Amino acid sequence: MRKQAEAETFIVEPERYEFRALPMHHFELARRDFFKILGAGIAVFAVAKDALAQETAPATKGFHSEELPNEIGAWLHIGEDGTVTGFTGKAEIGQNIRTELSQTIADELGVPFENVRMVTADTMLCPFDAGTFGSRTTPTMTPQFRRVSAAARGMLLDMAAKQWNLSADTLVAANGKITDSGSKRSVAYGELAKGNALAQTIPTQIKAKPATAWSVAGKPIPKVDAREFVAGKHHYTTDMRPAGMLYGKVLRPPSFGATLTSYDDSAAKGMKDVVIVHDGDFVAAAAPTTEAAQAGLNAIKVQWKEVPQISNAEIFSYLKEKALPSGEERYQQRKGSVADGLAGAAKRSEGTYHVEYIAHAPLEPRAAVAQWTDGKLNVWMGTQRPFAVRDELANIFHVTEKDVRVIVPDTGSAYGGKHTSDAGLEAARLARATSGKPVKIIWTREEEFTWAYFRPAGVIEVKSGMTADGKVTAWEFHNYHSGMSAIETPYDVPNQYTQYHQVPLVLRSGSYRGLAATANHFARETHMDILAHEAQMDPLEFRLKNLAEPRMKAVLEAAAKAFGWPCKKTAEGQGFGLACGYEKGSYVATFAELAVDRKAGTVRVVKLVEAFECGAIVNPDGLRNQVVGAMIQGLGGALFEIIEFENGKIKNPHFASYRLPRFKDVPEIEAVLIDRKDIPSAGAGETPIMAIAPSLGNAFFDATKVRLTKLPLQPERSLNS
Amino acid sequence: MGQTIELEINGKRYPVHYSPDTPLLYVLRDELGLTGTKYGCGEGMCGACTVLIGGTARRSCQIPVSAATGKPITTIEGLEKNGALHPVQQAFVDEGAFQCAYCTSGMIMSSVSLLQANHNPTQEQIVQSLQGNLCRCGTHPRILAAVRKAASKMQERG
């Protein structure tokens with residue numbers, strides 16, 4: 001099973017969300033079941049495609065365009081008790097969509113925030129969704145919920161108007177009821193819903209409130225179920241304990257790609273209450289306790305055949321050598337002539353940049369609970385792609401998609417790391433052998449670091465030319481392996497050539513918060529800083545001179561003001577740096593201050609200031625958490641996170657050896673959020689991480705005149721060498 | 001399975017039937033259903049499994065169940081009193097000091113332990129006492145703010 005999964009990801013997907021998941025047409029079935037599950041009321045459905053056509057964010061720059069399936073994107077139910085339920089296939093993984101989407105519904109429908117609840121990421125109850133990635137929840141789901149809510153409000157107004165024999169124009173929908181402003185009589189939404197089983201797909205033309213008219217959205221409403229979390233009452237997948245549940249453990253090969261050559265489970269087979277499954281190279285045990293399952297595995301005698309593999313030491317030359325010849329247009333982008341631009345340039349420079357593999361390390365490891373009942377499979381797991389996991393499981397176990405239900409409890413984070421079926425597949429395979437008993441698998445931290453997937457390593461080469469007065473006129477950019485997110489320069493350069501070079505996988509790789517946008521911004525913004533110094537210009541002035549986009553200039557200027565740029569050095573070893581970027585509809589600028597102590601051999605991040613703009617802000621409190629969170633998470637990949645691997649083994653699969661940002665690493669932080677009510681809301685989960693690494697590298701150069709061109713920067717090493 | 005051991009958790013006595021070297025974490029979660037205490041690494045490096053043993057923060061994944069007898073154990077489930085959150089829990093809510101919240105139980109237990117020993121900790125002391133707790137979502141500034149807020153609330157109450 002593992003092999004099949006590996007084979008599917010042999011080539012690194014430049015963007016995981018380019019997957020065109022097949023639309024599942026389950027609308028009719030869902031509508032019939034809908035009222036059975038929720039009781040009577042009013043249901044409104046939004047067609048995803050129409051919603052997108054009407055209210056999509058401005059076209060994103062880049063090679064990719066996203067298409068959601070031409071299907072139902074969201075739906076809403078108003079119950080007889082006035083409770084409003086929104087359904088979305090998106091998953092709550094800590095980005096706080098439950099609150100944001102509830103706000104959106106409350107705002108547009110005119111109900112108290114407390115009356116709204118969200119059902120998320122349940123393949124039986126929710127409309128198909130390709131997955132929770134690409135910062136897409138805000139730009140795709142908030143407009144859809146606006147539209148269904150606006151439509152529902154219109155229906156309720158019409159119902160009340162009919163009941164009172166009035167024109168709907170004279171009625172007001174607010175606070176969960178329709179009020180006739182003339183007679184002051186009113187009727188609650190729940191009253192109108194009573195006895196109804198009214199389902200309607202919304203027309204394409206529905207006008208939702210502009211951001212300037214929001215009253216519940218746009219406010220810093222706290223996380224809806226905060227109390228559950230602080231009381232330890234929320235049940236993550238890892239916390240589930242359904243009746244009769246067994247604990248599962250998987251026997252892991254000694255290295256990647258190892259194959260089973262001999263197998264003897266005669267000693268394990270006799271162990272009381274232990275179920276052993278051996279299927280190809282998959283060997284696993286289930287038992288009433290984890291200890292007993294592990295004892296079962298320990299009693300199995302196996303031999304593996306290992307294959308030699310490459311290591312950190314040769315990864316970058318390997319990536320260059322093994323790059324696939326690619327003429328694919330979608331991997332290339334041209335503007336003007338780089339050759340002409342370089343020929344006419346007063347100054348030319350080249351640079352090579354490297355990025356190591358890093359891990360997501362979500363604090364809740366991959367986990368799943370699986371149960372087979374009458375040939376149907378239920379799986380609870382922390383995944384960002386419940387429908388894709390459902391389809392994968394259906395395919396692997398030769399059942400139909402209707403026979404598999406995947407439910408995602410609010411999850412202990414993911415950061416792009418929980419796209420695959422992994423633990424769900426393993427638990428489901430074990431559970432086929434347990435006579436209907438549910439099986440839970442929780443990956444250990446070591447398994448998480450070893451058998452999950454990584455943000456891929458990469459090599460980036462840049463060639464550039466500029467005029468004597470610092471206008472960039474030629475820009476050539478090649479990314480090997482790490483990916484093409486934000487590969488295009490946001491600068492106004494007349495002659496450009498950009499290419500992404502695919503390389504067959506070395507380590508299992510996939511999405512990560514921001515994907516390759518961090519690598520591409522690191523290379524680009526480091527190189528721009530080099531050019532600024534060559535042009536003897538202030539790095540901020542240099543960037544502003546080469547930018548045309550006013551939104552990008554605005555974040556740069558806002559961050560510069562908050563940071564106090566240009567800065568006067570007041571102490572030895574002080575360094576200041578900046579970087580900026582654009583991706584997925586949002587703009588970011590990051591300014592950093594470092595303190596370098598050459599004698600002690602230490603580098604400390606003193607301060608980070610970041611300005612971020614993603615259109616109209618839906619929840620400034622949640623947004624601030626996401627932006628500051630990305631800044632702190634970004635410190636790890638920028639400064640010290642690195643997966644060490646050798647010959648098919650991960651050498652540092654523990655928190656003791658894989659360093660992550662901790663409290664002492666966190667500097668003074670300021671996030672400046674720019675609210676553009678005139679621009680549709682974009683997502684914010686990823687872009688705020690991109691400019692951290694180059695801002696730190698540029699600050700290190702300012703302090704030391706040493707240029708660091710590899711992530712992680714590991715600045716202390718360059719001081720000691 | 002081993003012998004029966006008695007544990008005192010959140011003011012209640014529980015007989016448990018694990019072998020004496022089983023880490024307390026698994027007994028709490030798997031046998032007693034006290035799943036508010038989280039597994040993050042099993043190596044004492046992330047703090048998600050932090051509980052109070054005799055009032056002091058300990059990593060329950062590193063404590064054999066046999067070493068947890070005879071002392072009162074407090075888990076996140078034991079902080080609420082008569083339906084009211086502990087001031088540290090309340091401060092985490094007030095400051096919005098979590099995102100995925102998987103680290104939150106451990107953060108709160110470490111903070112409660114700190115504030116019981118030191119009613120008015122400095123920023124450095126808070127940082128030091130939470131250094132062993134990982135937050136992958138990067139909510140650190142708000143967690144620090146929550147601990148400071150809880151400290152001043154607890155002082156007001158005396």
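**Chain A as a whole**

Select chain A of this predicted model. A compact globule of 721 residues would have a radius of gyration near 27 Å, and chain A has 27 Å, so the two agree. If you switch to a cartoon view, you can look for 20 helices and 29 strands in chain A.

Now colour chain A by pLDDT. The average is 90, and 91% of the residues score at least 70. Which stretches should you treat with care? Residues 1-30 of chain A stay under 50, and residues 48-71 of chain A stay under 50 too. The model has 55 contacts beyond four places in sequence for residues 1-30, and 50 such contacts for residues 48-71. Where pLDDT is low, the predicted coordinates should not be read in detail.

**A sheet in chain A**

Next, select β23, β24, β25 and β28 of chain A. These four strands form an open sheet in that order, with mixed pairing. Which strands sit at the edges? They are β23 (574-583) and β28 (668-674) of chain A, each of which pairs on one side only. Direction ignored, neighbouring strands of the sheet are turned by 15° against each other on average.

Zoom in on β23(A) and its partner β24 (586-597) of chain A: the two run antiparallel and are joined by ten bridges. To find one of the paired positions, click on Leu578(A), whose bridge partner in β24(A) is Phe591(A).

- Helix α18 (residues 620-639) of chain A lies across β25 (602-613) and β28 of chain A, and runs at about 135° to β28(A).
- Helix α19 (residues 692-704) of chain A packs on the sheet and touches β23, β24 and β25 of chain A, with its direction at about 155° to that of β23(A).

Most residues other than glycine have a negative phi, and most peptide bonds are trans.

Pro566(A) lies in the loop between α17 (550-563) and β23 of chain A. Move on to Leu711(A) and Pro712(A), which are also joined by a cis peptide bond, with omega about 0°. You will find Pro712(A) in the loop between β29 (710-711) and α20 (715-720) of chain A.

Finally, select Tyr415(A). Although Tyr415(A) is not a glycine, its phi is positive, at about 55°. Look for Tyr415(A) in the loop between β18 (404-407) and α13 (422-431) of chain A.

With 158 residues, a compact globule would have a radius of gyration near 15 Å; chain B has 15 Å, so it agrees with the rule. Its C-alpha trace spans about 45 × 30 × 25 Å along the principal axes. There are five helices and five strands, and along the sequence they follow the pattern β-β-α-β-β-β-α-α-α-α.

Give each domain its own colour: domain 1 of chain B covers 5-78, and domain 2 covers 87-157. Their C-alpha centres lie 21 Å apart. Where they meet, 15 residues of domain 1 of chain B are in contact with 13 residues of domain 2 of chain B. On the domain 1 side, β3 (50-53) and β4 (56-59) of chain B are the elements that give two or more residues. Which of them gives the most? It is β3(B), with three residues. The domain 1 side divides into seven nonpolar, seven polar and one charged residue.

Stay with β3(B). Four bridges join β3(B) to β4(B), and the two run antiparallel. Thr50(B), for instance, stands opposite Arg59(B) in β4(B). β3(B) and β4(B) form a hairpin with two residues between them, and Gly54(B) in the turn has a positive phi of about 60°. β3(B) is also joined by two bridges to β5 (72-74) of chain B, again antiparallel. Here Ile53(B) has Ile73(B) as its bridge partner.

**Where the chains meet**

Bring chain A back. How many residues of chain B are in contact with chain A? There are 41, and they contact 48 residues of chain A. On chain B, the elements giving two or more residues to this side are α1 (24-31), α2 (87-95), α3 (104-117), α4 (123-130) and α5 (140-157). Colour this side of chain B by class to see 21 nonpolar, 15 polar and five charged residues.

Key. Residues numbered from 1 in each chain as written. Chains lettered and ligands numbered in written order. Predicted model: local features only at pLDDT ≥ 70, side-chain atom pairs only at ≥ 80, totals over all residues. Contact = placed C-beta atoms within 7 Å. Nonpolar A, V, L, I, M, F, W, Y, C, P; charged D, E, K, R; others polar. Domains from an automatic or database assignment. Pairing = 2+ DSSP bridges. Axes fitted to C-alpha atoms, helices over the stretch in contact; angles between N-to-C directions. pLDDT = per-residue confidence, 0-100. Rg over C-alpha atoms; globule rule 2.2 N^0.38 Å.
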